[in-house]
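Please keep the sequence and the coordinates in view while reading.

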Amino acid sequence: MENYTVGSSKLLTGITNKNQNYGGKNMNQSIKTVLNNQGATVKEYFELINLFDCSSLRLSKEGELIFSIDFNTFREYKDVFEFSQKFGNAEYTIKKSDVKSFKAKMLEGMDTFHIVAELADGLQMGIFIYHTDTNTKVTEYEHYYEIGVEKLKEYLEDERHKAVMVRIRDVYAFEMKLSGIKEAYVAGDEEGGYSLCITDTLASFDISLVDDSCNEVYLKEGHTDSILIKPYGQPFMNIVIFVIKEEEKKPHLSVIK
């Protein structure tokens, strides 16, 4: 028997087997909390999506795949649920009234959380949140705060800030590191857009940042600062710039005897 937490078709609230307690020291705490909440709603299950960098949605009927997308954002509106790619264009929307029932569980032997929603007209929507131990959005567990593109430009123009390494990675296991950074700056254009320009000893590249409304830029301060950039048009990519800070030079004062 499959060990799913089942939601009601009427109120869409989670109904858990009274003898079943979801635990496991390796299970993501947020997922564990929702699974163990007998009154959790389908919205609360869908909201777990926003904690992770990437999830997959598959729409099928009678076992035949109709549609699928990778996505990273869930939103609730008055009458609908929306699943979309933040910084991208793909999205899928369903009416709340179309959700007839749902069930969810951690897949056995896999670090994957699976939500299945039965929809109107015999459609079935499956949501897979993969790698729940490592896929958590970095802004959820590290101390970043948002600064925006204009502030990023000012920050990199400060002579006391020296970029020493850049790491580019996505959820599909791509990773590139640049360690011999010669320069890193934000350039503006005549139309009000911005590009991030990075040059090291072997390569250089530009990434369009568009404007403040289309990008997220975060800063984490410490002994070495970290700048996290989620660029527009790249919904599953993170760029991290590591910066060392020179101490502000104070004027030397001579003592006159």
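Strand S5 (residues 73-76) is joined to S6 by four bridges in the antiparallel sense. Here helices (H or I, at least four residues) and strands (E, at least two) are DSSP runs, numbered from the N terminus, and two strands count as paired if DSSP finds at least two bridges between them. The model is a predicted one, in which local features need pLDDT of at least 70 and side-chain atom pairs count only at pLDDT 80 or more, whereas totals for chains, interfaces and linings use all residues. Residues are numbered from 1 along each chain as its sequence is written, and side-chain values use heavy atoms, with hydrogens and water left out.

Three residues lie between S5 and S6 in the hairpin that they form, and threonine 73 has serine 84 of S6 as its bridge partner. Serine 84 also stands opposite glutamate 91 in S7. S6 and strand S7 (residues 91-95) are antiparallel and share five bridges. Their hairpin has six residues between the strands, and phenylalanine 87 takes a positive phi near 70° there. Four of the five residues of S6 (residues 80-84) are buried, so this strand is largely enclosed by the rest of the structure; buried means under 20% relative accessible area, exposed over 50%, and partly exposed in between (1.4 Å probe, protein chains only).

The largest nonpolar core has 32 residues, of which Phe46, Phe83, Phe113, Met125 and Ile127 touch the most other members. Such a core is a set of buried Ala, Val, Leu, Ile, Met, Phe, Trp, Tyr and Cys residues joined through side-chain atoms within 4.5 Å. Leaving aside residues up to four places away in sequence, phenylalanine 113 touches residues including Ile31, Leu35, Tyr45, Met106 and Phe128, where contact means heavy atoms within 4.5 Å. A second, separate core of 26 residues includes Val149, Tyr155, Leu209 and Met237.

Val149 and Tyr155 are also among the buried residues of helix H4 (residues 148-157), together with Gly148, Leu152 and Leu156. These residues lie on the same side of H4 because they cover an arc of only 130° around the axis, taken from the directions from the helix axis to the C-beta atoms. An α-helix has 3.6 residues a turn, so residues three or four places apart point the same way.

What is the strand order of the open sheet formed by six strands? The order is S11-S17-S18-S19-S12-S13, with antiparallel pairing. Strand S11 (145-146) and strand S13 (175-178) are the edge strands, each pairing on one side only. H4 packs on this sheet, touching S11, S12, S17, S18 and S19, and its direction makes about 145° with that of S18; axes are lines fitted to C-alpha atoms, for helices over the stretch in contact, and angles run from 0 to 180 degrees between N-to-C directions. Within the sheet, five bridges join S17 (residues 216-220) to S18 (residues 224-230), and glutamate 216 stands opposite lysine 230.

Three strands form another open sheet, antiparallel and in the order S14-S15-S16. S15 (residues 194-200) and S16 share six bridges, and tyrosine 194 has valine 210 of S16 as its bridge partner. H4 lies across S14, S15 and S16, running at about 140° to S14.

Finally, the cysteines deserve a look. Cysteine 54 is buried at a relative accessible area of 9%, and cysteine 197 is buried at 6%. The whole structure contains zero disulfides, a disulfide being a pair of cysteine sulfur atoms within 2.5 Å.
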